[in-house]
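I'm opening my notebook on a structure that is new to me. I'll jot down each thing I looked up, one entry at a time.

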Amino acid sequence: MKIRYIKPKQSIVNDLVASFVVFLVALPLCMGIAIASGVPPSLGIITGIVGGIIVGTVAGAPLQVSGPAAGLAVIVWELVQQYGIEMLGPVLLLAGLFQLLAGVFKLGQVFRAISPAVIYGMLAGIGVLIFASQFHVMFDSKPSAHGINNLISIPSEIYKAIFPDQGSNHHIAGIVAAITMIALILWEKFKPKRLKLIPGALIAVVIATLVATALKLPVQYVNVPDNLVNTVQIPKLENLISALKPQMLTEAMGIAFIASAESLLSAAAVDRLQFESKTNFDRELAAQGFGNMVCGALGALPMTGVIVRSSVNVEAGGKTRLSAILHGVWLLALVAAAPSLLNMIPTSSLAAILVVTGYKLVKVENLRKLQQYGRIPVFIYFATLGGIITADLLVGVLLGLVLSVFKLIYKVSQLNILIDQDENNQRTDVYLEGMATFIRLPQLAKVLEQIPPGKEIHLHLEMLTYIDHSCLDFLSMWEKQQQNKGSTVVLQWNKLIERYRKPLVTGRSSLAA
């Protein structure tokens, strides 16, 4: 494999081009995710700016691009609806602090150990909720705070668009959304190779905006203030104190957990896309935490590392962290110089982009991957998905994690017991294979205690990979009981002892740890 040396000037040019492409991808998503989160679009742009300029400068994943993520839109929506937008900043400050401390104490690798079944289920659940909520926004309707209600009411939303009430503009907003979707799909399918780096989401939004503006359609439009500073909501002291309540701490931990998992999984994916830089996961986690603390201080949306923008950055030729930083600079320059351009964008157009995004998060190929490993991962996937849809995001993820732990306990505590009796019924051989732990002690006791007395019993322990104190204690007691009943017990575990002889000599026995 040839190693290509990139000159500094060439690297800067590559980063400039990549930063502009990422900026074009990020712009509609920043506003759309903010709307999906139930907050003004400008707060999504602020998060994009912070993710680019601040987090991009200190990130442990140089080519990863951070900003508002669809994965947190659901939990932010619920937070804002239940506690008000004024609590978003304080909760995000705490969430960022949790992430920062996790990075400082080098817990970055822990988040990468989450079961794929939980991750895929979480992404699918988020995708379903985004699809359901933004489907209503496509028709200029207000979505419900509960995902299941949004799903159930989709048919009625379609009916209102086909048979609109007098004075209703639902059908017009729906037409704008349809134009956006058609443009997005056609562009992604038939775009010229020379223009492959131009994002379909931007093309679709521009076309929908031109149509809505030219025809002066009576639909809802994005509202971005002339001065972005006016949207900054610095947390008040009483709200900071309220953030220390148990329910707020739970919200903060939920945001921190999901944001960390999504960021580090995205960083791992970026590492697989290129070989020029590798991620320092602890530093990246700390950087994400610092960025979220800044966003919390500004009352903006939470951020994560985003695989969509990051993969575009790599594909567009980004070589250093400069591309991520500059994409934030372009966002800041646009809202400072020409905010009126953003106010021309129909809300239904951005919602249509997110409906497609939500649909793409529910990847059938992820489910097929899990099917290769049996039914249990598939069950965990659907349990996580169902918990997110019927309850909320945090409940679904916790359910998936609990089931994953139970699966792990089940797998590592497998104990196979085989009993072999000779023809004269005078000798019984008992073979134990796997892990003899307290979890399987009831099973072991039931089998051994059913052996009739007065026999020669050979207990084979050579095939055990582990035996704990509880099982050793039981075997000692059972051996004495059998001897009292007239049985002869022979424990055959020489090979097991030899396997652990070295740890036994050093005083670190793994035989009964």
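Entry 1: I started with L342. Setting aside neighbours within four places in sequence, I find L342 in contact with L27, M31, I45, V222, V224, L334 and V335. A reminder to myself: this is a predicted model.

**Entry 2: the cores.** Next I looked up the nonpolar cores. The largest one has 105 residues. L342 is among the residues with the most contacts inside this core, together with M31, M138, I255 and L393. Which helix gives this core its largest share? I checked, and helix α1 (residues 8-36) does, with 15 residues. There is also a second, separate core of 19 residues, and V430, A436, I457 and F474 are included in it.

**Entry 3: α4 against α12.** Helix α4 (residues 88-104) and helix α12 (residues 246-273) pack with their axes 8 Å apart, at an angle of about 50°. That angle makes α4 oblique to α12. The crossing of α4 past α12 is right-handed.

**Entry 4: α10 against α17.** α10 and helix α17 (residues 347-361) have axes 9 Å apart and pack at an angle of about 155°. Roughly parallel or roughly antiparallel? With that angle, α10 is roughly antiparallel to α17. This crossing is right-handed. On the α10 side I noted A201, A204, V205 and A208, and on the α17 side S349, L350 and I353. Six of the contact's residues are nonpolar, one is polar and none is charged.

**Entry 5: a glutamine in a loop.** Last, I followed the chain past α10. Q233 sits in the loop between α10 (200-215) and α11 (237-242). Buried, exposed or partly exposed? Q233 has a relative accessible area of 32%, so I put it down as partly exposed. What does Q233 touch beyond its neighbours within four places in sequence? I found I85, E86, A297, L298 and G299. I looked at L298 again: it is 65 residues from Q233 along the chain, yet their C-alpha atoms are separated by 5.5 Å.

Definitions and conventions: Residues are numbered from 1 along each chain as its sequence is written. This is a predicted model: local features need pLDDT of at least 70, side-chain atom pairs count only at pLDDT 80 or more; totals for chains, interfaces and linings use all residues. Side-chain values use heavy atoms; hydrogens and water are left out. Helices (H or I, at least four residues) and strands (E, at least two) are DSSP runs, numbered from the N terminus. Buried means under 20% relative accessible area, exposed over 50%, partly exposed in between (1.4 Å probe, protein chains only). Contact means heavy atoms within 4.5 Å. A nonpolar core is a set of buried Ala, Val, Leu, Ile, Met, Phe, Trp, Tyr and Cys residues joined through side-chain atoms within 4.5 Å. Axes are lines fitted to C-alpha atoms, for helices over the stretch in contact, and angles run from 0 to 180 degrees between N-to-C directions. Angles under 35 degrees count as roughly parallel, over 145 as roughly antiparallel, 65 to 115 as roughly perpendicular and the rest as oblique. A crossing is left-handed if the near helix is turned anticlockwise from the far one by less than a right angle, and right-handed if clockwise. Ala, Val, Leu, Ile, Met, Phe, Trp, Tyr, Cys and Pro count as nonpolar, Asp, Glu, Lys and Arg as charged, and the others, Gly among them, as polar.
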